[in-house]
Amino acid sequence: MVSSSASASLPKAQRLSGTGWFAVVALWLVGLLALLPDVSGDFSVPLTFFILLLASFIVCWTPFCEKLEKHSDVAMFCVTAVMFIVYGLARRFDGGVALTVHSGIFVGDEYSISPAAIVVFAGAVLSAPAWTRQFRGWAKAVVIALLTLAVLGFGSFWFLGQYYTVGATEILDPTPLLPLAMNVLEFFFLTLVCVAACAGATTRKVLLKSIPIMLILLFGRHAFMRTGGDQ
Amino acid sequence: MQRKIFSWVDSAALVLLVICMCTQIDLGAIGRETLSQGFATKRLFIALPDVMLLLVFVWFVLRTSLLRAWKKTWWPPFPCFALIACMVLSIIHSHQLVQAVQNSLMDVHGIKTILKAILTTKEFKEAFADTLQWTGYFIFAPLIFVNLMYDRSGEKVLLRRRLALVCFAIGVALAVVINLLPNPTLAKAWFSSPNAYAGLLAIALPMILAKVLSHRTANIGWLWATAFLGMMALVVTLCTLISLWAITAMILGIVVAGFMYKARARTAVIVILAVILALSLWTRQGMRNYYRLETWHVPSETQFVKKQYIEWYVAARRTVDRRMHSFATGIGAGNYQFSIGSYYARLPNEEKMPPDSNNLYLVLADSLGILGLAALFWILGYFFKRAYEALRLNPNDWLGAGVIGLLIAFVFVNNFHALIVRGTGTVLAFALSLAIVAKMQAEAALAKGET
C-alpha cells in the first residue's frame, strides 16, 4: 500500500520539479538583471539588501532551512518577499530592449515593459504545471491583494469619471491606470514564478540555498559599485 | 495556592483587557502641541487598550515563566509574523523614510545623538509606533487572548471563553447605552471618532447576534425570549449608529453568521423586524438622520465628490510611483499621510476629512505595499479557515459562525472606516483568537467523544 502510493506520487513530484526549474532559472535571471541599474543616491536599496542578506544567512544557511523546506507556504512567502524587492530593481533596467505598450484607451499613455518582465512572463508560462498544483495560502493572499488594488483603483477612477472631466490634462488624469494594470500583471506573474519555484522539494531547496548568493551579489553591486548602467 | 492566585489574576487581566478594548480613551498624546505657535506637529496617540495590552502582556510573560508553561503555550501562526516582517521591509526599503533619516543624521556625532536624531525623525517615529502597535495587535494580543481563554498552563484546561464574551457584550452594550443621549455628535462613546465607534459595532454585533441565534433547545419560550432580546439589542444599536456603511456591514455580518450557522429563518425574521422597527424610530431622529444620509452622500459641501472617495484614486495612483519603490513594499509603515497631498494633482484636495474614514486596503497598499496587504489577507484567511473548521467539527457551537460573521463585516467596513488604528486593532485580535479557541474546543470535544 505504502509503496504504491509512493510510486504514484513520484512522477508528480518529478513533474513539479521539472517545470519548477524554469521558475528557478527565471528568478535567477531577474536577480542578475537587478545588478544592472544604478541606484546611486538611494541608500534604501543597499540597506534593504544588507538586512535581507543577514536574514537569509540565518534562514537559508542554518538548520532553520530544513524546517523551512518542509513548509512550502512559509518558504513561498520568504522567496516572494525577496523577489518582489529584487524585481522592483530589475525592472528599472530597460537595456534598450524594452517594449512599449499603449492601452489605446487614452491618448499619450504608454508603458515600458522591461526585460525582467519578459523573463518573468516566460517563467510563469513555462512553469505552469508547477504553480497550478501549489496555488494556496500565501499565493492566494497575494492574488486577492492584487485584485483588491486593481478593483479599488479602476473602480474609483470609473466612479470619479462620472463627476470630473477625464484626460491627461483634465481634472482626472487616467495615465496612472496603465502602470497600475501592468504592475498588477507583472507582480501576478512574478508570484506565479515564485510559487512554481517553491512547488517541488528539490527546486525549493536549491532556491533557498542559492538566495543568499544572489543577495551577496546584489548587496556588493549596489553598496560598493555605484557607476554605469541604466537608472 | 499560587496557581489559584494566578488564575484569579489571569481572569481579572482578561476582563480588564476586554472591557478596555471597547474604548479608545486617549491617555495623552506624546509630542509638543505647536498649533498655538502657528504650525502643526504630528503627535502620537496613546490609547487605553494599547496600554492595557502592554500591561497584560507583561503579566502574561511573568506568570507563564513562573508556571514554566511556555511549552504548553499556543503561538500565533506564521502569517502574523509575516505581516510584521512586511512592515519592517516597508521601513528599510522606503526611499522617502531612509532619506529623511539620512537628512536628520547630517552633522550629528556620537551614538546618543545619532539615536536621538533617528527616533525624532517624524517619518521614523510614525513607522516605529505603527510597527510596535501592529506587533501588539497581531502577535501579543492573539498570544494573550488564546492562552488566557483556553488556559493549558495547569494540569486541566481552564476555559475562560464565556467570561471574555460576557465582558465583550457588556463593553459593547455600555458603548451603545452611552449614545442613547439625543445629541448626535456624541455618537462615538469612548472612541476618538464616530467612525471608529461605528466600526466596532459593525463587527461586534454579528458575533453577539450569533450567540442569540444559537439556542438549539426544545424550550420554545426561551427561544422566543432570546430572539426578542437580540432583536431589541439590534434595534437600539441601529438607533445610535450614524454610519450607513457600518450598518450595511453589520447586517451583512449578521446574515452571513446566521446562514453559516444554518439558522436562516430566525436570522431573516430578527433582521427584518429589527430594521423595520429601527426605521420607524429613525423618523423621530431628525438630526441623526441628517448625519446618516451624509455618510452615503457623494458630494461634500464644496465639491462634487467627498475627499474620502477622491483619495481612493489618489492612493491607488501613489502605489505605482517607482521612485518610492511603492508597489512591492510601499512608502513605509505609518507614512501614508506624508506627501499624499502631492498625488492629488488636479483633483480637488479639501482640507478636512472625517477621522478614520480612510480605506484600510489602500492605506496598506500605499504604506506596506502589495506584500503587506497580502500578509493581512493571509492572516484573515488563516483565521477564517480555523473558524470554518470549528463550525464544521462542532455545528452546534455558534462561535465559529460568529467569528465568520465578524470577519465578513470587518472586510466590508474597512473600505470606509479603517479599523486598525489607535487601540481598535485589539478587537480584531480578540475575534481572531476566538476562532482558535473555538477550533481547540471542537477538537477537544471530538477527542473526548472518540475516547
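Reader: Where is the place of B:Asn396 in chain B?

Author: B:Asn396 sits in the loop between α16 and α17 (399-413) of chain B. Note that this is a predicted model.

Reader: Why is B:Asn396 called exposed?

Author: Its relative accessible area is 55%. Exposed means over 50%, so B:Asn396 qualifies.

Reader: How far apart are the C-alpha atoms of B:Asn396 and B:Lys262?

Author: They are separated by 9.9 Å. Along the chain, the two residues are 134 residues apart.

Reader: Turn to A:His222. Is this residue buried or exposed?

Author: A:His222 is buried, at a relative accessible area of 2%. The limit for buried is under 20%, so the label holds. The residue belongs to helix α9 (residues 201-224) of chain A.

Reader: What is A:His222 in contact with, leaving aside its neighbours within four places in sequence?

Author: Its contacts include A:Ala34, A:Leu35, A:Pro37, A:Val39 and A:Leu89. A:Tyr111 is 111 residues from A:His222 in sequence and 26 Å from it in space, C-alpha to C-alpha.

Reader: What makes A:Arg221 and A:Asp38 a salt bridge?

Author: Their closest N and O atoms are 4.0 Å apart. The rule asks for a side-chain nitrogen of Lys or Arg within 4 Å of a carboxyl oxygen of Asp or Glu. The pair is counted as a salt bridge. A:Arg221 lies in helix α9 of chain A, and A:Asp38 in the loop between α1 (2-33) and α2 (44-60), so the bridge ties together parts 183 residues apart in sequence. Both A:Arg221 and A:Asp38 are buried.

Reader: Which residues does B:Asp151 meet in salt bridges?

Author: One is B:Arg63, at 3.1 Å, N to O. Another is B:Arg160, with the closest N and O atoms 3.3 Å apart. Both values fall within 4 Å. B:Asp151 and B:Arg63 are both buried, and B:Arg160 is buried too.

Reader: How many salt bridges does the rule find across the interface of chain B and chain A?

Author: The rule finds 1 there. B:Arg317 and A:Asp173 meet in a salt bridge at 3.4 Å, N to O.

Reader: Which helix gives the largest share of the side of chain B that touches chain A?

Author: That is α16(B), with 7 residues. The contact as a whole takes 43 residues from chain B and 51 residues from chain A. The area buried between the chains is about 4,000 Å², and carbon and sulfur atoms give 76% of it.

Reader: Why is the pair of A:Trp138 and B:Trp378 called tilted?

Author: The ring centres are 5.1 Å apart, and the planes stand at 55°. A pair needs centres within 6.5 Å; planes under 30 degrees apart count as stacked, over 60 as edge-to-face and the rest as tilted. The angle of 55° therefore gives tilted. The pair crosses between chains, from helix α7 (residues 138-161) of chain A to helix α16 (residues 369-393) of chain B.

Reader: How do you know that A:Trp138 and B:Trp378 are buried?

Author: A:Trp138 has a relative accessible area of 0%. B:Trp378 has 7%. Both values are under 20%.

Reader: What makes A:Phe159 and B:Tyr309 edge-to-face?

Author: Their planes are at 80°, so the pair is edge-to-face. The ring centres are 6.0 Å apart. This pair also crosses between chains, from helix α7 of chain A to helix α13 (residues 307-318) of chain B.

Reader: Why is A:Phe159 called partly exposed?

Author: Its relative accessibility is 22%. B:Tyr309 is buried, at 6%. Both residues belong to one aromatic cluster, with members including A:Tyr163, B:Trp245 and B:Phe416.

Reader: What makes the charged end of B:Arg292 sit over a ring?

Author: The charged end lies 4.0 Å from the centre of the B:Trp282 ring. The distance limit is within 6 Å. B:Arg318 sits likewise over the ring of B:Tyr336, 5.3 Å from its centre.

Conventions: Residues are numbered from 1 along each chain as its sequence is written. Chains are lettered from A and ligands numbered from 1 in the order in which they are written. This is a predicted model: local features need pLDDT of at least 70, side-chain atom pairs count only at pLDDT 80 or more; totals for chains, interfaces and linings use all residues. Side-chain values use heavy atoms; hydrogens and water are left out. Helices (H or I, at least four residues) and strands (E, at least two) are DSSP runs, numbered from the N terminus. Buried means under 20% relative accessible area, exposed over 50%, partly exposed in between (1.4 Å probe, protein chains only). A charge sits over a ring if NZ of Lys or CZ of Arg is within 6 Å of the ring centre and within 35 degrees of the ring normal. Contact means heavy atoms within 4.5 Å. Buried area is the accessible area (1.4 Å probe) that two parts lose on being put together, summed over both.
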